[in-house]
Amino acid sequence: MTSPSRREAALLGLALLFQIFGAAALLLSPSVQAGAWTVNPPYWSALFAMGVWGLVAWILHRTLDRILPNRDPLLLPAALFLCGWGLQILVRLSPETALRQTLWLFLVGGLLMVFLRLPHDLEWLRKYRYLWLGAALAAVAATLFFGVGAGEDSPRLWLGLDGIYFQPSEFLRWIFPVFAAFTLAPRRNTGNGPEPKDAFPVLLFGAAGVLLHILQQDLGAAMLLIAASVLALYLAYRKTGILLFGAAAALAILGGGYALSATIRDRIATWWNPWLDPSNTSYQVVQSLISVAAGGLIGRGPGLGAPGLVPVAYSDFIFSALSEEYGVLGAVGCLTVMAVLVLRGMRIAIRSTDPAARLIAACLSALLGCQSILIIGGGLRLLPLTGVTLPWMSYGGSSLLGSMIMLGFLLILSNRAPAAAADVRPDRPVRVLSVIFLLAFAAAGVSAGWWGIYRAPVLRVRTDNYRRVLHDRRARRGDLFDRNGLPLAVTAGVAGAYTREYPGPASAPVVGFTTAFYGQGGMEAALDPWLRGEAGRNSFDLWWSETVLGIPLEGKDAWLTIDRSLQERGSAGMGDLAGAVVVLRAGSGEILALISQPTFDPATLQTDYELLSRNPAAPLLNRATQGLYGPGRMLYPFFAAEAKNWNLPDSGSDLCAVPYTEWILENPEFAQQVLAQFRFDQDPAMDLPTANVAALVFPADETSILREWDGQGRVLVSPIQLALAFASIAAGGMAPAPRLIYRLEAETGWTTPATASHPVAMVTAVTAARLREILGGGGDTAEWTGCGGNGASAGGISWYAGFETAGDDPIVVVVALEGSPSDAAGIGRMILAFAAAMDK
Amino acid sequence: MSVSLLMLAARIALAACLYAFLALVLVTLWRDVRAAAAMRPAGATLFSLRRLREDGTPERDYALQKDSCFIGRSPSIEVSLADETVSVVHARLWKENGRWWLEDLDSRNGTLLNQIPVSKKTVLCAGDRIRAGRILLEFRLEDSSQPPIKEIPPETDAPA
């Protein structure tokens with residue numbers, strides 16, 4: 001069997017390797033993010049931390065070999081492993097903090113050596129236990145008068161001495177259980193356990209300490225002190241009832257705190273449902289969970305995540321930072337190391353022959369377990385948040401010193417336990433506690449998996465996950481161009497500081513926007529997977545480069561069917577008028593322009609959003625696809641086209657002279673049939689959001705029908721619907737599927753994706769030809785104008801629809817101007833002429 | 001790309017170190033459990049009292065085969081010690097709830113456990129030293145690998 005000393009050396013060697021590779025990964029991380037060799041100078045402190053860690057580990061190992069040859073070989077490596085891991089994370093979070101913590105480690109290592117050289121019978125502690133406890137309590141009390149806090153309103157927990165701060169509660173944390181152990185353990189094992197009166201000093205001083213902590217508003221320390229009292233009494237008296245009573249008391253105190261303290265109420269409320277107020281009271285917890293989710297199974301890699309987004313990540317939420325960068329796998333590993341430490345402490349208790357040693361070992365290891373579970377559970381929403389440090393890992397000198405002294409006790413007592421004396425005495429309390437802590441650590445592991453894997457997809461896409469913003473600054477988003485290659489939305493700047501620019505503001509209704517906090521709109525939203533570079537790649541490839549290698553995805557460009565100059569020309573032609581213009585090709589369905597006024601400037605949307613979204617003129621609404629207007633007279637050509645199928649008399653070439661009202665009164669289904677025929681009762685499926693067409697019912701009584709012809713009725717259509725219906729006339733009966741994407745950059749050149757819908761046959765080719773004849777009088781261009789209404793609201797609509805069939809693919813223009821009378825026809829003709837001229 | 005692969009290698013090495021560390025820890029835990037199980041004799045755990053000379057060398061083993069044994073000068077009891085400083089029935093050892101207990105039976109010269117007088121019943125642990133009169137006894141786990149010391153060394157004192 002390997003000697004304990006060599007086993008310890010082997011474990012420390014592995015821990016050192018972990019330190020070395022961790023520092024290497026941290027130093028590489030800026031280069032991975034930049035895609036080229038770069039160095040983040042503060043990360044060099046990782047090497048310093050590693051060096052000091054190695055030195056402390058080596059010296060402690062050598063010292064222990066000399067003075068504690070029979071110690072438990074797992075304790076020191078496990079504690080130092082956690083300590084080194086904590087330093088790695090601190091370097092990453094805040095190099096300056098890490099530097100201070102490294103110096104603390106050096107100092108604490110020295111103090112531990114001093115402690116280990118004190119007499120191992122611990123008589124100096126037993127004899128003067130009231131003195132030690134009194135001193136610790138006095139120091140805690142002193143913070144009430146001379147304490148300094150981290151901020152103006154934060155609890156004043158520190159005593160300062162010439163720039164060196166320490167937290168007296170960290171001393172009480174281990175002095176109190178040692179005091180309780182010596183008080184409760186009889187000097188000789190009489191087998192009877194302590195007398196009932198022995199509990200008195202423990203309860204008295206325990207209550208005093210808890211009271212002090214409550215006055216200090218240090219909820220975490222108070223909870224730990226309560227736990228220490230309950231654990232010591234339970235272990236000493238071996239009565240399960242004490243443990244149950246302790247749990248009940250803790251719940252009662254929480255209940256009382258809920259009623260009395262706003263802080264505790266917040267903590268409990270945010271634990272119960274953090275999603276109610278994620279930007280305020282439960283900000284920390286939600287950010288912590290998002291951080292765990294960002295890590296996933298294997299983590300982002302050291303230096304590659306963004307754990308700094310969680311408040312006080314270096315102390316309370318260091319475990320979330322660990323989960324983000326080392327993944328659920330790392331988190332489970334870390335929990336295992338902690339569980340091993342606690343269980344080995346329990347083993348020392350079981351093997352102890354001295355009742356005081358048994359109490360100290362069990363109590364201190366249980367407390368270390370409690371503290372770890374409290375803060376890890378708090379960050380994983382397993383428990384309400386209590387501000388305690390994570391032993392060995394969190395930033396804090398006094399905390400590190402306290403944890404190391406506790407380790408020192410365990411080392412001394414493990415050395416004392418007679419190796420040959422196989423345990424024969426059943427020790428139920430210690431076994432019960434071991435099982436409880438094993439289950440608690442397992443629950444924390446399951447919880448990390450729950451948030452980091454199972455719930456991660458939901459958490460990662462939350463808008464308060466600011467990692468998306470950081471990601472977009474690093475990863476180049478693909479550019480959007482118009483059909484001629486003119487830029488519409490481009491990524492500018494250098495890696496790490498990318499910004500989005502919009503050179504053609506007139507195209508905003510189509511291009512949309514992408515913002516950090518208000519989401520995305522328009523084609524920026526529709527093409528997001530392409531522009532981010534995710535679409536068109538297989539999922540393994542994505543996982544490999546994004547998750548495993550941590551390379552930001554290179555975005556891909558996309559060309560839209562719109563023509564930037566046509567957009568600009570049309571927009572200029574409309575002037576200040578509100579309304580919409582649709583220009584599309586009747587054959588291919590390619591949309592050449594989609595104008596909506598008033599509109600927004602995507603470049604300043606981030607600052608203007610609140611104002612724009614409250615503006616009654618609805619500039620964020622795309623009127624061309626989402627605007628619904630009363631069509632009025634614009635429906636005449638479609639009724640006329642369908643008349644033949646209903647055996648209605650041919651009314652000749654004057655569309656206005658047709659007795660539509662009589663027709664509809666005689667054939668109530670006629671109007672409904674026409675609306676369905678030309679798809680006015682359906683959303684035209686396309687890449688931009690369209691108006692949600694409610695059940696369209698054409699009225700059957702004369703008054704209502706007459707209102708419909710004025711555009712003041714119930715029937716509402718969007719400009720894009722009307723444009724598609726007119727396109728069917730221009731293109732010989734087939735309405736095209738609207739298309740906005742011209743081509744997309746793919747792995748193998750360019751591709752054109754399928755449209756969201758299919759072309760629809762609306763009328764026969766003969767009917768279409770006849771209608772074209774009537775509307776256009778035999779020429780290449782045809783048009784139809786009308787007045788409509790804006791639904792029930794005031795203000796009319798001026799409509800224009802026209803098409804040009806001279807080219808290979810007819811061009812259709814539909815204009816809807818709000819606030820009649822206005823010259824929709826003039827603007828429409830101008831746009832049609834401009835579009836037709838571009839064809840030649 | 002090369003940087004990313006280096007990073008990946010470092011991360012794999014990091015995970016390997018973590019889990020190798022844990023594996024070694026678990027192996028140690030397992031071995032400790034095995035060692036503890038091996039040390040425990042099969043069936044009931046047997047204890048014995050070893051009479052020691054003043055210099056600490058073993059003199060004789062008394063196996064504690066019954067669940068209740070007496071220490072005293074009387075020749076008919078389990079741990080019979082022929083010494084005038086030992087009372088006829090000096091102390092009692094018995095097993096209760098899986099533990100061995102010691103109790104002084106109002107002996108004239110008293111019983112010391114690890115140099116502390118035994119005033120009430122007390123749990124015994126392996127390695128405890130019991131002093132009855134001037135005789136020193138060690139409460140010990142029976143070691144199956146070594147035969148118990150049976151023979152009584154030649155005594156100079158003539159029997160009474």
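Student: What makes β12(A) and β13(A) a strand pair?
Tutor: Two strands pair if DSSP finds at least two bridges between them. β12 (residues 741-746) and β13 of chain A have 3 bridges, in the antiparallel sense, so they qualify as a pair. Opposite E745(A) stands W750(A) of β13(A). Strands here are DSSP runs of E with at least two residues, and helices are runs of H or I with at least four, both numbered from the N terminus.

Student: What kind of model is this, and how are residues and chains labelled?
Tutor: The model is predicted: local features need pLDDT of at least 70, side-chain atom pairs count only at pLDDT 80 or more, and totals for chains, interfaces and linings use all residues. Residues are numbered from 1 along each chain as its sequence is written, while chains are lettered from A and ligands numbered from 1 in the order in which they are written.

Student: Why are β5(A) and β13(A) called edge strands?
Tutor: The open sheet has 6 strands in the order β5-β4-β3-β8-β12-β13 of chain A, with mixed pairing. β5 (499-501) and β13 (749-751) each have a single partner strand, so one side of each is left without a neighbour in the sheet.

Student: Why is I71(B) called buried?
Tutor: Buried takes 20 or more other C-beta atoms within 10 Å of the residue's own; 12 or fewer is exposed, in between is partly exposed, and C-beta atoms are placed from the backbone. I71(B) has 29 other C-beta atoms within 10 Å, so the residue is buried. I71(B) sits in strand β3 (residues 68-72) of chain B. Beyond four places in sequence, its contacts include V79(B), L81(B) and A132(B). A contact means C-beta atoms, placed from the backbone, within 7 Å.

Student: What makes α1(A) and α2(A) roughly antiparallel?
Tutor: Their axes come within 10 Å and cross at roughly 175 degrees. Axes are lines fitted to C-alpha atoms, for helices over the stretch in contact, and angles run from 0 to 180 degrees between N-to-C directions. Over 145 counts as roughly antiparallel, under 35 as roughly parallel, 65 to 115 as roughly perpendicular and the rest as oblique. So α1(A) is roughly antiparallel to α2(A). The contact has 12 nonpolar, 4 polar and 2 charged residues. Nonpolar covers Ala, Val, Leu, Ile, Met, Phe, Trp, Tyr, Cys and Pro; charged covers Asp, Glu, Lys and Arg; the others, Gly among them, are polar.

Student: How do you know what span to expect for α30(A)?
Tutor: The expected span is 1.5 Å times one less than the number of residues. α30 (residues 719-730) of chain A has 12 residues and reaches 16 Å from first C-alpha to last, close to the 16 Å expected. Of its 12 residues, 12 are buried. Just after α30(A), G732(A) takes a positive phi of about 75 degrees.

Conventions
Contact = placed C-beta atoms within 7 Å.
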